[in-house]
Amino acid sequence: MVLALSLCLLLSSLNPATDVIAKDAPNDDGNEIILTWARSDNPTVISYRVLRQTEGEAKWDTVGVAGRLASRFADDEVQNGIRYHYKVLAVSETETAESAISEYAVSSPQWFDLDRLSALIGTIIFTCLIVFFINRAKRHAEKLFIRRIAGLDAVEEALGRATEMGRGILYVPGLSSIDDVATIASMNILGEVAKKTAKFGTPLIVPLRDPIVYTVAREVVRESYTTAGRADSFNQDMVFYVTDQQFAFAAAVDGIMTREKPATNFFIGMFWAESLILAETGASTGAIQIAGTDAVSQLPFFITACDYTLIGEELYAASAYLSREPLLLGAIKGQDYSKLLILAFIIIGTILALAAGLPVQDIF
Amino acid sequence: MIVLVLGIFGAAAFIIPHPIVKGIDGTMRNDVLRIITAFSLVLGVGSIIQHHLIKVRRKAEHWPFSYVTLIALVASAIIGLFGGIDPASPGILPTHIGGFSFHMQTLYENVMVPLAATMFALLAFFMASAAYRAFRARNLEATLLLIAAFILMLGAVPLGRMLIRPLPDFAEWILTVPNTAAKRGIMFGIGLGSIATSLKIILGIERGWLGGGGK
Amino acid sequence: MKFWDRLLRIDRRWLYAIIWLVVMIPLLFPFKIKPMAMPPVTRLFNYIDTMPEDKTLVISVDYTPDIQPELHPMCIALLRHAFANHRKVGLLTLQVMGLGLGEAAIRQVTEEFNSRATTHEDSIINGEDYVYWGWTTPIITILLGMGERITNVFPVDYYGHRTDSLPIMAQLKNYDDIGIVVSIAGSSIPISWVNFANTQFGVPIGCGATAVSAADYYPYLNSGQFTGMMAGMKGAAEYEQLVADKFDELGIRWELRRKGTEAMSSQTAAHIAIMIFIIIGNIAFFITRRRKK
């Protein structure tokens with residue numbers, strides 16, 4: 001038997017895969033073992049077959065096939081806590097060659113994803129900075145400086161103009177869902193705008209595309225009217241759902257702008273291709289337009305067609321700017337210092353990479 | 001409190017791959033969100049019906065259009081629910097008269113698609129008018145923007161290469177180098193801004209979105 | 001001088017009318033323009049062209065009918081390229097509204113090839129040369145699941161066949177058997193492909209994007225997360241040109257419609273018109289400003 005096997009091996013021209021290593025897949029929720037091997041140097045190999053044996057059992061199961069260029073296989077059909085070992089079969093058109101058997105490996109779920117350590121450290125530093133500046137803001141509120149944002153200064157003027165003209169204000173909080181930070185930021189601004197329309201008695205129109213955003217927006221406006229002491233002026237019909245179809249929504253808003261001719265249009269939140277359709281129609285009705293989005297590709301359209309545009313993070317800063325709430329302003333300060341830190345890291349990293357050819361990228 | 005717990009849990013699930021945490025996170029993201037969306041859709045449809053019924057009742061300006069919306073809403077709901085999707089999978093309602101079918105798929109292909117494409121096509125006209133109206137070399141920044149836009153527009157059509165051979169490559173360079181650099185700058189700001197906003201919400205500093213007006 | 005004042009305040013409907021004419025006339029009477037491929041398109045083409053024979057090209061039809069004119073020619077060009085090159089193709093869609101578009105594209109291209117085929121080898125056969133998995137949801141489950149076993153994610157194909165019974169699927173188990181995934185979309189779905197399929201499984205990703213959203217994707221292109229990209233109608237026309245050159249090289253002399261290229265004359269005219277608008281607008285602006293001074 002041994003002789004026959006040795007003869008077979010001698011006759012076989014196919015070299016097997018070597019260095020077969022089985023390891024628990026790192027940073028995962030378990031049930032996965034990663035198998036790696038050094039490929040056979042034989043050009044006739046067409047694929048590798050991965051075989052697995054459970055400890056205490058005699059039979060080998062084929063768990064998968066990998067292409068001839070593969071040297072890695074993830075076996076995700078294993079159970080946690082059970083010991084398995086593997087071998088890899090190099091397959092050519094006519095023959096196969098078996099590798100040595102790997103050491104035993106056991107899969108287990110991890111409690112911490114080490115790959116995301118840099119993200120965690122970054123978030124912790126960032127959180128500390130923000131909390132620090134929020135606390136400082138509580139003590140020295142008067143010292144906080146925030147640069148002028150023309151678009152937000154214009155809010156008051158725009159509302160005043162609408163009131164003088166006896167026309168309404170249109171507020172479109174983007175087309176995204178509530179889990180988009182831009183939408184949440186837009187809700188914060190809507191709250192401030194609604195307080196002012198409540199104060200001046202200006203009609204407010206808020207058409208919406210997402211049903212969840214609709215329910216949130218309705219509550220925001222209702223609360224703002226109550227806070228402004230004008231709960232009686234709040235009308236259910238101010239905030240309404242239109243459709244979830246992107247261009248049907250754009251058509252509806254265009255219709256509202258051409259029929260109702262609001263004096264001011266706010267387009268604040270997440271927008272896609274409809275941004276220019278909305279902004280140009282609004283411009284043709286002669287309205288003052290204030291836009292704000294973190295959709296970088298839509299910014300040029302808003303900048304071109306609107307009177308004022310909040311660019312990227314200005315959108316998030318808006319509620320702090322409008323409400324002048326020290327705690328919110330403190331958070332912005334923290335944000336700025338974090339940006340400074342990132343900038344410093346980029347410069348240091350670039351210098352290191354250029355000067356020493358260090359693999360800086362690998363750290364992150 | 002709910003926001004605080006769920007917010008921290010959501011952030012934790014990003015770094016904890018353990019099945020217990022992953023499982024709960026998955027249920028929250030998929031099942032719970034789906035249920036909430038379904039219920040809020042009912043509220044949304046209620047809102048649109050109410051909005052247009054009020055217009056009809058008050059005979060507000062252009063009120064007949066509200067009838068169009070309401071009829072379209074009801075008709076498409078009935079066809080969608082009972083009329084089947086296409087001739088291959090008919091529903092309980094007959095959705096064709098002779099060779100004329102008005103299945104959901106037919107309506108979609110012949111009403112929705114052309115209407116949406118028309119709205120999208122309007123962009124060409126609006127781009128032209130916006131460019132004419134607002135693209136002025138008022139100051140240095142605007143002039144630079146104008147020149148960059150010019151190069152890109154010319155580089156984006158085959159004519160650009162015919163006129164000046166390296167122009168499309170230069171246009172590509174503008175897109176890949178200065179444009180990407182500026183964009184990354186904005187994206188850093190957006191990234192930090194969104195973490196800060198999330199943090200403010202989780203910590204309960206920002207409550208404007210709940211109607212609390214920041215306090 | 002009044003002329004320039006009037007020009008500055010021109011009724012925008014005149015501009016709309018001019019644009020309409022400028023777009024329509026070249027569509028009806030196109031002038032010939034030969035697109036020259038830019039590096040992102042060439043990279044995508046070359047990658048697919050030199051992909052190992054046992055690898056499949058996967059096209060993710062992630063666009064919707066409203067942006068069909070811009071993106072559909074990309075899908076057609078990719079299919080023609082793959083079939084002319086004897087590469088197998090898998091199609092899927094992550095947008096339910098793309099379902100019909102994927103079917104239309106594969107039907108058109110298989111008809112083009114099969115109507116001219118003389119041997120079994122030249123024919124394009126469903127289940128052997130291509131598979132249309134159709135649509136399912138949610139996106140993350142699909143993108144991750146395909147890394148394990150595609151037949152688990154799509155147990156039946158678009159036409160109702162069991163996928164594990166299709167001959168093509170015997171060699172197409174998961175991402176390891178896929179040469180590249182090209183996601184054609186107007187939304188951010190290509191980024192999802194990068195996040196899950198490329199980052200987690202290392203499968204190369206190509207992208208077809210609308211001209212508007214293409215600018216968003218350059219960082220991914222620079223970092224190599226996208227192997228290549230077709231941007232807008234121009235990208236489609238460039239890919240069509242590369243495929244046409246490939247057809248010439250293979251000795252295939254078919255007169256096939258190239259809708260991306262056809263639209264190029266219209267797009268060129270529109271771009272020139274807009275540039276003229278800007279020039280006139282600026283001349284009028286400067287003349288009236290100087291006069292006011």
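In which sense, parallel or antiparallel, do strand 9 (residues 169-172) and strand 12 of chain A pair, and over how many bridges? Select both in your viewer: strand 9 and strand 12 of chain A pair in the parallel sense, over four bridges. Keep in mind along the way that this is a predicted model.

**Stop 1**

Next, show the side chains of strand 12 (residues 264-268) of chain A. Thr264(A), Phe266(A) and Ile268(A) point one way, while Asn265(A) and Phe267(A) point the other way, and all are buried. Because five of its five residues are buried, strand 12 of chain A is largely enclosed by the rest of the structure.

**Stop 2**

Zoom out to see the open sheet of six strands in chain A, with the order 11-10-9-12-13-14 and parallel pairing. Its edge strands are strand 11 (239-241) and strand 14 (308-311) of chain A, each pairing on one side only. As you go from one strand to the next, the twist averages 15°.

Then select helix 5 (residues 211-227) of chain A. Helix 5 of chain A packs on the sheet and touches strand 10 (204-208) and strand 11 of chain A. The direction of helix 5 makes about 175° with that of strand 11 of chain A.

**Stop 3: an antiparallel pair in chain A**

Move to strand 2 (residues 33-38) and strand 5 of chain A. These two strands run antiparallel and are joined by four bridges.

Which residues of strand 5 (residues 72-75) of chain A are on its covered face, and which on its uncovered one? Phe73(A) and Asp75(A) form the covered face, with Arg72(A) and Ala74(A) on the uncovered one.

**Stop 4: over to chain C**

Select chain C, which has eleven helices and six strands. Its C-alpha atoms fill a box of roughly 80 × 40 × 30 Å along the principal axes. Of the 293 residues in chain C, 56% are buried. Colour the charged side chains and you will find 28 positive and 28 negative ones, with the centres of the two sets 16 Å apart.

**Stop 5: the sheet of chain C**

Show the strands of chain C: they form an open sheet of six with the order 3-2-1-4-5-6 and parallel pairing. Strand 3 (130-135) and strand 6 (226-231) of chain C are the edge strands. Within the sheet, strand 1 (residues 56-62) and strand 2 (residues 89-93) of chain C pair over four bridges, and Ile59(C) has Leu91(C) as its bridge partner in strand 2 of chain C.

Finish with two helices that pack on this sheet. Helix 3 (residues 39-49) of chain C touches strand 1, strand 4 (178-185), strand 5 (205-209) and strand 6 of chain C. Helix 10 (residues 232-250) of chain C touches strand 5 and strand 6 of chain C, and its direction makes about 110° with that of strand 6 of chain C.

Key
Residues numbered from 1 in each chain as written. Chains lettered and ligands numbered in written order. Predicted model: local features only at pLDDT ≥ 70, side-chain atom pairs only at ≥ 80, totals over all residues. Heavy atoms only, no water. Buried < 20%, exposed > 50% of the residue type's maximum accessible area, 1.4 Å probe, protein only. Pairing = 2+ DSSP bridges. Contact = heavy atoms within 4.5 Å. Axes fitted to C-alpha atoms, helices over the stretch in contact; angles between N-to-C directions. Lys, Arg positive; Asp, Glu negative; His and termini not counted. Charge placed at Lys NZ, Arg CZ, Asp CG, Glu CD.
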